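Student: Could you take me through a close look at one helix and its surroundings? I would like the cut-offs spelled out as we go.

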Amino acid sequence: MMSDPIFLLDELMHLIERYMMPADIERVHNAYKLADLAHQGVTRKSGELYITHPLSVAILLAGMRVDADTLCAALLHDVVEDTPYTVEDIARLTNPVVADLVDGVTKLDKRNFESKQDAVIASFRKMMEYFADDYRVVLVKLADRLHNLRTLEYQSLASRRRIAKETIAVYVPLAQRMGLNVIRREMQLLAFRNMHPWRSVILQDSLDAYMKAHKDQHDAIVKNITTTLQDPIPSVNVFMWEKNLYRVYERIKRGEGNFKDQKKIMEIRIVVGTVEECYRALGLVHSLYRPKLGGISDYIAHPHQTYGFQALQTCVYRSNDESLDNMLRVQIQTRDMFQVSQYGIAAAWRHPEMNQRGNGKIAEQAVERWLEQVRELSSFAENPLEFHNYIQSALFLSEVYAFTPQGEIKEFPRGATLIDFAYSIHTDVGDHGVAGLIDGIEMPLRTKIPNGATIKILTDRKALPQLSWLDHVVTPRARAALRNWQRQQTAEEFCRLGSILLAKALRPLHLTIDTIDPTRLANLLSALSLTNLSMLLCAIGKKEYSAALIARRLSEDQTDTNELSTKPDSLSIEGAQGLITHFAPCCLPVPGDAIEGYLDATTGLVVHRQHCAVLHAKVNSPDIMEIDWSEQKPDQLYKVGIKTYAHNVVGVLRQITSTLAQQNVNIEDIHTSGDAYIKETEWVLWVHNLEQTEKVVRQLKHIPHITEVKRLSEGSNF
């Protein structure tokens, strides 16, 4: 049955007249007239007039009692995207707030992107950045998506599945983050029906048949609990909770039982007036039914930090039989808690008296924490795809809780480590963290966070992050902070490398970087479209320009900028060690080796042993640079590879490791191959220089049954 715009407008007006002032009602009506004019003559795929869609979106939001600006934006949310009207027009005809909300939900023009996916990701980042400034943007978007799901049957099968998958991946978790679980549940069900139409029908029919067959039994349980509670708690409300078919399906996919088992578990909701009555109701339920050991969760004393959820939850058995047929899942809440659990941030709008009782703040605080996280991730992300990935990770709810020494609750996804915890405190704590105290016991930062622990991070101002930490973090905040640090360090090191190369190139011209003619430098920067010297040095370090030709241009203004090629320069490793200096794994050079290498625009300086076959096969001779070792720090260690050939007898490996220990050499990795008579073992060791390497080789050759020892070159197993 098609919707009539007149009836929809009438419904919207009746809803808002219950809570809006006349001036605001008039603003909403004017926004409707503008939307109706803009969409004049346009129809949806269902054949309905297009205006029925924004009206339906506005009705959904009016049911939450949102303000006039949000409703105006809901009515106008497709105007900029689908009609000649601009954001400036909306601002002029309504106000700037409405215009910003409309702009926030307006997709970017896909014609400006290389692919549709790029446009979708960029539009998502834009929406989330507007959301970080005003969360009402997401309210409009969620209502828009829900109504589209309700009318999805008019789309092609491929479009239905694509929209349904996107809903599950993005909009369902967003709704949950906002605490809008009424919207979240309906989205899940509609998306499930469109992703898996046959499965959803079969499961729904089976569930309906089971519920019908056991209706009398279920009614008796509800009546029994109600009778037990209604005298001590007169205002109690007990009812069965409808199963979320999508959640049931997901549990089955994860291997948490089969559908037959899942539909047997009865879920009961108990709603009371006060917190004290919640705990009293819990005791009465436990006096009526035997509680499952370890099956109680108190989210009243410890509210869910993600979206302010509060409840007492318990699992009980109706008899000594602990089968699923006898299990009840019971959730107990006050009326305010129940409203927050269903409507989240909108609960206090629907029931303004909640604010007077102070019960609407938890959801608001949870949303504000989420907004702050979005702002932070946006500042860390270098591009829309990176931001999209960060948000995708952050959307999923946490499973592990830990406490700071001050008692503040921190929540994390399962598998989070102390590194995640450190960065959740502050970026500075993460950057300088060295270890953690878990309930007073010192543990390494890679330790996974145990649920309920009290954690303190130990720091050292001299300590710096390690890139390997990226393999041990799961939170977007920690990952973003580490990548941001990596980018900053890499840029600084490319700049430092470029400075070394340019200084070396200027020396024969009797110049230094500090004595360059400022006018010539400014002219060169302008010609190369660079804004400062640091950008030039970074470009030299990245092999974008030759240091020799840049030096010549700075000394005598006669070289054409088109001649600025990538001729290699020689340099000393001093000052270029770090994230952008890489010692090639094929030959593993150490101080004392004759070395050469090349500049890679992405990774930096790659160092090989002189005459390395891998280097000369990979890089053209003109691009290979001369490299010298500078004076190294006494405590600096380098990886070196050696290969031993030994008779296959008992005790040889023990003798080798014992000899290495005597030489104070640590083992990084081992790989053994060969036949029944001779074993070939490749070792990666940590040494100071070539002298120590040669001494280790000599000592190993003295071991009985060792037939040969040599340095590893290309073709190793590492």
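Tutor: Happy to! Let us begin with burial: a residue is buried under 20% relative accessible area, exposed over 50%, and partly exposed in between, using a 1.4 Å probe and protein chains only. Helices are DSSP runs of H or I with at least four residues, strands are E runs of at least two, and both are numbered from the N terminus. This is a predicted model, in which local features need pLDDT of at least 70 and side-chain atom pairs count only at pLDDT 80 or more, while totals for chains, interfaces and linings use all residues. Residues are numbered from 1 along each chain as its sequence is written, and side-chain values use heavy atoms, leaving out hydrogens and water.

Our part is helix α4. Its buried residues are A68, D69, T70, L71, C72, A73, A74, L75 and L76. With 9 of the 9 residues of α4 buried, the helix is largely enclosed by the rest of the structure.

One of the elements around it is helix α7. Helix α4 spans residues 68–76 and α7 spans residues 96–105; they pack at an angle of about 50°, and their axes are 9 Å apart. Here axes are lines fitted to C-alpha atoms, for helices over the stretch in contact, and angles run from 0 to 180 degrees between N-to-C directions. Angles under 35 degrees count as roughly parallel, over 145 as roughly antiparallel, 65 to 115 as roughly perpendicular, and the rest as oblique. That is why α4 and α7 are oblique to each other. Their crossing is right-handed, meaning that the near helix is turned clockwise from the far one by less than a right angle.

Which residues in α4 and α7 meet? From α4 come D69, T70, C72, A73 and L76, and from α7 come V97, V98, L101 and V102. Contact means heavy atoms within 4.5 Å. By class, this contact has 7 nonpolar, 1 polar and 1 charged residues. Ala, Val, Leu, Ile, Met, Phe, Trp, Tyr, Cys and Pro count as nonpolar, Asp, Glu, Lys and Arg as charged, and the others, including Gly, as polar. An α-helix has 3.6 residues a turn, so residues three or four places apart point the same way.

K643 in strand β17 counts as buried because its relative accessibility is 14%. R487 in helix α24 counts as partly exposed because its relative accessibility is 22%.
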